Amino acid sequence: MEKKSIAEQLKNNAYPGRGIILGKTPDGTKAVAAYFIMGRSANSRNRIFAEDGEGIRTEAFDPAKMEDPSLVIYAPVRVLGNKTIVTNGDQTDTVFEGMDKQLTFEQSLRTRDFEPDGPNYTPRISGVLHVESGAFSYALSILKSNNGDPSACNRFMFAYSTPIAGEARFIHTYMGDGNPLPSFEGEPELVDVSDDIDAYTDILWRSLNEDNKVSLFVRYINIADGAYETRIVNKNH
């Protein structure tokens, strides 16, 4: 698979929806996690990312304008020991609770399927990074309808047990804009990553569609000791 420029991938897609990027810095010292949200409706755009312990939550920017919190207010990032969980919905809690009970990432997600937001049936995308004793691995998952048919849920797992320095994988909810929105297809995209968290945050934020972007989270985790740095960018502030 050819490694693509994340900037170009984002610039060429007006509406990837929500996206997860996991990978390793070119110098091989840090695990990288990024998550962004976009929105077409006023309800989706009326959000910010806020720090919540070691993770983050989505919150209403203007609580008076929040219409339906069910699919837009959740914890996208939670930390369970040496595992960092990143998802596009409340399945973050499902994975956290499952893994806390010694279930695997895949087993934890078996109780969930795509979002009940027909006709889009937005896929649930999830990721987990495992950093321990100088070692790093990660996995990604997508749960989606069968080509828009809600009677079937198709489940895909992608595990990266030996991440390569300078490579990241990018999975997002939609292939692009449309009605209904077309679900992501195929293997997570191979994209570039930077050693500098501020530079990478800037690249991601500037490359997202100006009208549709809402919030961005980026975290770099030191593989040697688990220490991390976080950046949060909110369009509403």
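R40 is partly exposed, at 32% relative accessibility. Here buried means under 20% relative accessible area, exposed means over 50%, and partly exposed lies in between (1.4 Å probe, protein chains only). D177 is also partly exposed, with a relative accessible area of 45%. The two residues form a salt bridge, their closest N and O atoms 2.7 Å apart. R40 sits in the loop between β2 (30–38) and α2 (42–45), and D177 in the loop between β10 (168–172) and β11 (189–191), so the pair ties together parts that are 137 residues apart in sequence. Helices (H or I, at least four residues) and strands (E, at least two) are DSSP runs, numbered from the N terminus.

This is a predicted model: local features need pLDDT of at least 70, side-chain atom pairs count only at pLDDT 80 or more, and totals for chains, interfaces and linings use all residues. Residues are numbered from 1 along each chain as its sequence is written, and side-chain values use heavy atoms, with hydrogens and water left out.

Side chains of opposite charge can pair when their charged atoms come close. A salt bridge is a side-chain nitrogen of Lys or Arg within 4 Å of a carboxyl oxygen of Asp or Glu. The count comes to ten salt bridges.

| Pair | N to O distance |
|---|---|
| R40 and D177 | 2.7 Å |
| R169 and E187 | 3.2 Å |
| R206 and D202 | 2.7 Å |

R169 is buried, at 12% relative accessibility. R206 and D202 both lie in helix α5 (residues 197–207), four residues apart, about one turn of the helix. R206 is exposed at 55%, while D202 is partly exposed at 37%. D90, R112 and R124 are linked in a network of salt bridges.

Now the pockets. A pocket is an open set of points on a 1 Å grid over the protein atoms alone, where a 1.4 Å probe fits, with protein on both sides within 12 Å along at least five of seven lines; lining residues have an atom within 4 Å of a point. The largest pocket has a volume of about 400 Å³. Its lining has 20 residues, with R18, S41, S44, V72 and D117 nearest its centre. The second largest pocket has a volume of about 200 Å³. It is lined by 14 residues, and S145, N147, G148, P182 and S183 lie nearest its centre. β8 (135–146) and β9 (149–160) each supply at least two lining residues. β8 gives the most, with three.

Key:
Grid points are joined across faces, edges and corners, and a volume is the space filled by probe spheres set on the points.
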